[in-house]
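Please bring the model up on your screens, and we'll walk through a few spots together.

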Amino acid sequence: MTREVFLNLFVSDEQVVKIESTSQVTFDDLIGLSPPELLHPVPSGESYELVRFTPGEDTEVIAAARFNPESNGYLVYYLEGAPLTLSPSAAVLGLRSSRPMPIVSPGMVALLGYTPWELGESDALHLLTSESPGKVHSCTLIDRSGGARDLLFMPVSALADGVDIVVIPAPRRDDMDVSMSLQRWGSRPVEGPEEELDLLLREMDLSQGALLRTTRHGFRIWATRGLDISQEDLDPGGFLEGCLDQGQVWLDMDGGSTAAASSGNMLVQPFGWRSAYVLLLVTSGNIRRVELQAPAFCTFLSMRLELWNSVESHAELQDRKVLLIDAEQLLIDGGISIFDELGDFLGRMAETIGADLLAVVRARDGMQIVSCGGAIAHEPADELLSRLSGPAGDGVAVESAPIMKDLVLYAAYREGKSSFRGIVDSLARLLARLCSDGRPGPPEEPLLSRLPMVVVSRDFSVEWVGGTEKLAKCYHYNGLDEPCADCPLLGEPTGPDSEPSSVLLEREDGIEIVAPSQERSIVLWARCRLPADSPGRQPGHPEEADRPPTAPARDTAGLRQPGSSSYSQDGRVIEWRSWMEGATGIPAEQAVGQDAARLLERLSSIHVERQLELAMEKGVSLEEGVDFVLRGERYNSAMSISPDTGEISHLVLPAGMSPQSASPAWMQLPGPGVAGASREPLHLASVIAEACEKAGWEFDLSPEASSSGAPVWLTQPAAVQLVAALFDLLGEISPTRWMGVDAVVVEHSSVHGPAAILPGSYHVMEFRVGPALLPAQKQLISDLDSEMAALGGWARRSEDRESLVVSVPAAIPWKGRSDSALVYSPGDARFAAQCCDVLERTCGHVQCAEDPTGLAGGQEKAGILVIRASESAARLISALCVRIPTQPLLLASGVRLRTTLSLSPNRRHLRLPASDEELMMMARRLLRA
């Protein structure tokens with residue numbers, strides 16, 4: 001009886017230290033030997049090679065082996081028992097009626113790289129057995145490395161219970177090699193699409209082809225050579241309808257089409273980013289050669305077309321700038337301020353850009369042409385409106401852009417220029433800025449490029465402010481005691497399905513934008529102050545009064561560079577470089593030797609001043625920076641102390657360059673998937689069982705994860721979406737479509753990836769996968785682990801490498817008292833001591849967790865959690881929020897949190913260094929929430 005043997009040799013210090021095997025025979029006597037003593041030759045790469053394997057002193061077999069980087073060892077495959085009809089070094093496939101899986105020789109494994117288990121689940125068996133016996137046949141298979149292999153195969157022996165098939169790789173054909181063609185093509189300068197199509201056809205020795213591109217109106221012909229094809233063939237009902245977006249397709253040219261005169265076969269090959277282009281190639285010769293060469297040529301053609309588009313776009317952009325300057329001068333010189341007088345202007349612009357018509361149309365109670373110009377402007381108005389609103393004809397396109405209110409600018413033209421979309425948009429903005437219904441209009445975009453954002457709740461209280469002072473109520477920003485009279489939140493929606501819309505409010509000293517959500521419980525509120533020299537600026541504004549006196553303002557562009565200074569241990573300035581000079585207006589010759597705290601007041605940030613106070617205390621750790629805003633720009637201040645001299649180094653970086661604000665994991669947390677009015681956790685096991693039944697997956701439900709257990713804080717839609725996403729992602733690498741649902745308890749904090757896992761109960765979904773995965777599949781698992789970290793869980797391979805486990809933290813009951821607090825501050829003993837001192841006066845009972853195990857054990861009974869937020873605490877914070885999403889949580893950090901965890905009434909951000917009063921106030925707010 002023939003048996004397949006698969007070994008995994010683990011190697012350390014050039015010796016085999018562990019062996020995993022599918023055989024019933026033990027291989028303990030091989031432990032301690034070196035790879036050269038077992039394998040001849042020793043495989044050097046990750047592809048299978050034929051070797052001689054010595055499992056015993058007098059035993060030697062032919063095997064397929066490869067290096068395994070995961071175990072730093074080798075994977076070995078060979079056959080035990082009765083051999084096949086040919087040598088095991090030959091590529092032989094044995095089919096037996098008594099075996100569900102084929103017998104695969106080591107030579108076959110070395111040829112394609114697939115083990116028998118993988119080959120049995122693929123379509124290769126169907127290709128190799130579907131032809132009639134007794135003849136030589138050919139096929140093309142994709143090997144383990146992703147390359148196409150041309151194979152010849154034929155049954156060589158017929159047995160009573162099956163057949164043996166020998167497989168031979170076909171000799172490589174020189175006409176498949178395109179390297180020289182690509183080299184010649186690459187030496188030519190990049191030209192337009194017609195020239196590039198000529199070069200491609202010349203290198204492929206073809207005479208007929210076409211190049212199409214994707215537009216907003218469908219596929220359009222870009223270039224043709226020798227192929228009689230029109231736009232009708234691409235449109236609905238045409239010869240190519242439905243064939244242009246299906247991947248590589250062959251069409252018989254002997255059908256009834258305008259291109260029927262081109263006899264032979266046509267290859268339809270989409271290519272480029274998101275299939276931006278389609279290549280049509282006609283051949284009456286070697287179809288196989290064209291099919292194999294086309295992808296390589298298309299990849300090269302895509303790069304050349306993108307380069308050409310980039311050059312053309314830059315040239316068009318410069319031409320558009322010149323065009324808009326000339327257009328603006330025409331409007332100003334002509335004194336045109338109303339749309340009825342735009343006829344001559346639109347005519348000149350249409351002639352300049354090559355449009356048949358430019359028209360300003362009023363879309364109120366139907367369409368009405370206000371003014372128009374161009375080659376067809378003399379046609380009747382109803383015909384022009386029909387042309388602008390009706391379907392585009394052959395090679396005719398229409399672009400439009402809103403001007404203001406109900407006015408729209410239309411452009412009708414013969415398609416062929418790629419810049420019409422941008423030109424129409426730019427002209428519409430120009431008309432909106434310089435024209436109106438008889439009155440000069442103000443600019444539509446005054447100063448709305450950099451707006452601070454505020455989240456406001458139903459009662460107008462401010463939950464989070466970006467880039468402005470702290471506010472209790474949004475209307476406090478305007479110095480009012482009650483909401484503004486024109487605030488859109490004061491009005492109620494007219495119906496249950498009414499859509500809220502943003503409102504632009506003009507103030508005396510700025511502009512506000514208010515955008516309520518559907519429930520009107522969360523509002524995006526933005527404020528843009530006008531500059532000091534604006535007409536609407538009122539003298540004596542509070543913002544001016546609060547600003548400390550400084551020297552004349554310097555060029556702020558110089559402040560967008562890193563700056564540094566240094567201070568002595570007693571707080572005197574040692575070095576005061578140019579950035580500090582520009583930020584404070586104090587020259588270095590005056591600053592050196594002065595009190596640094598007094599000079600840093602010019603930065604208008606109490607947090608930077610406290611940072612210096614901490615740096616002057618001996619033994620204090622400053623592990624992260626502090627965010628502050630100066631002249632509308634965000635910066636990060638970091639200080640470090642020399643252990644030898646005690647000198648304080650101060651580094652200031654713009655926010656985009658700050659290592660603390662770049663992308664720490666905890667700043668990207670999307671938070672738990674909790675939503676809706678339900679306050680009870682969902683039984684995940686029942687959702688999985690229902691999803692498996694609908695999707696056709698098999699599953700096993702353990703007693704620990706029965707329908708009465710496995711509660712998680714997810715809504716039904718969120719849980720269904722999570723399971724569906726897992727099915728879609730893991731269906732490719734789970735060939736048996738089986739999953740198991742279990743519950744596990746992590747008793748101690750364990751390190752996985754960059755962060756630790758919080759101890760507690762987790763619900764594990766197990767998917768069966770193969771022992772060997774492709775690089776893309778391994779990357780999929782790595783990406784999935786990052787996504788599950790946002791829910792406090794993980795995704796990783798099992799120890800036997802045959803399954804993948806995906807975990808979600810279980811919900812736990814919250815029994816916290818309002819007078820208790822749990823503090824977790826690893827590496828920052830000073831902050832932990834401050835919390836204990838302050839919170840004992842606010843909460844009464846305060847407990848400090850020394851490690852994640854203590855944090856997990858005390859969470860259930862804590863009324864409020866105080867977490868010293870750091871990059872290493874990312875996964876812990878996620879798990880805490882998922883286990884008890886309604887528990888008040890205070891995240892303390894020196895940099896601004898960019899996470900939705902801070903946009904909730906029961907989750908707040910405490911900026912460090914913080915005073916005792918700030919800590920107490922924040923804790924009281926959370927307790928009230």
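Let's begin with strand β42, where both faces are covered: I864, V866 and R868 on one side are buried, and so are L865 and I867 on the other. Buried here means under 20% relative accessible area, exposed means over 50%, and partly exposed is in between, with a 1.4 Å probe and protein chains only. Helices (H or I, at least four residues) and strands (E, at least two) are DSSP runs, numbered from the N terminus. In a regular strand, side chains alternate between the two faces of the sheet. Five of the five residues of β42, which covers residues 864–868, are buried, so the strand is largely enclosed by the rest of the structure.

Before going on, a word on what we are looking at. This is a predicted model, in which local features need pLDDT of at least 70, side-chain atom pairs count only at pLDDT 80 or more, and totals for chains, interfaces and linings use all residues. Residues are numbered from 1 along each chain as its sequence is written, and side-chain values use heavy atoms, leaving out hydrogens and water.

Which strands pair with β42? Strand β40 (residues 820–824) runs parallel to β42 and is joined to it by four bridges; strands count as paired if DSSP finds at least two bridges between them. A821 has I864 of β42 as its bridge partner.

Now, how confident is the predictor? Its confidence in each residue is the pLDDT, from 0 to 100. The protein chain has a mean of 75, with 74% of its residues at 70 or more. Confidence is highest in helix α1 (residues 35–38), at 92, and lowest in helix α11 (residues 542–546), at a mean of 33. Over residues 528–558 the pLDDT is below 50, and this stretch has 42 contacts in the model beyond near neighbours in sequence; contact means heavy atoms within 4.5 Å. Where pLDDT is low, the predicted coordinates should not be read in detail.

Next, please find T54, in strand β4 (residues 49–56). Is T54 buried or exposed? With a relative accessible area of 16%, T54 is buried. Leaving aside residues up to four places away in sequence, T54 touches L30, E37, L38, H40, T59 and E60. One of those, H40, is joined to P41 by a cis peptide bond, with omega at about -5°. P41 sits in the loop between β3 (39–40) and β4. Another cis peptide bond joins L912 and P913, again with omega at about -5°, and P913 is in the loop between β44 (907–911) and α22 (916–928).

Some backbone angles are worth a look too. N72 is not a glycine, yet its phi is positive, near 55°. N72 belongs to the loop between β5 (59–68) and β6 (73–80) and is partly exposed, at 43%. D205, also not a glycine, has a positive phi of about 60°; it lies in the loop between α6 (193–204) and β12 (208–215) and counts as exposed, at 66% relative accessibility.

Last stop: helix α8 (residues 343–353). Its buried residues include F345, L346 and M349, and just after α8, G354 takes a positive phi of about 85°.

Technical notes. pLDDT = per-residue confidence, 0-100.
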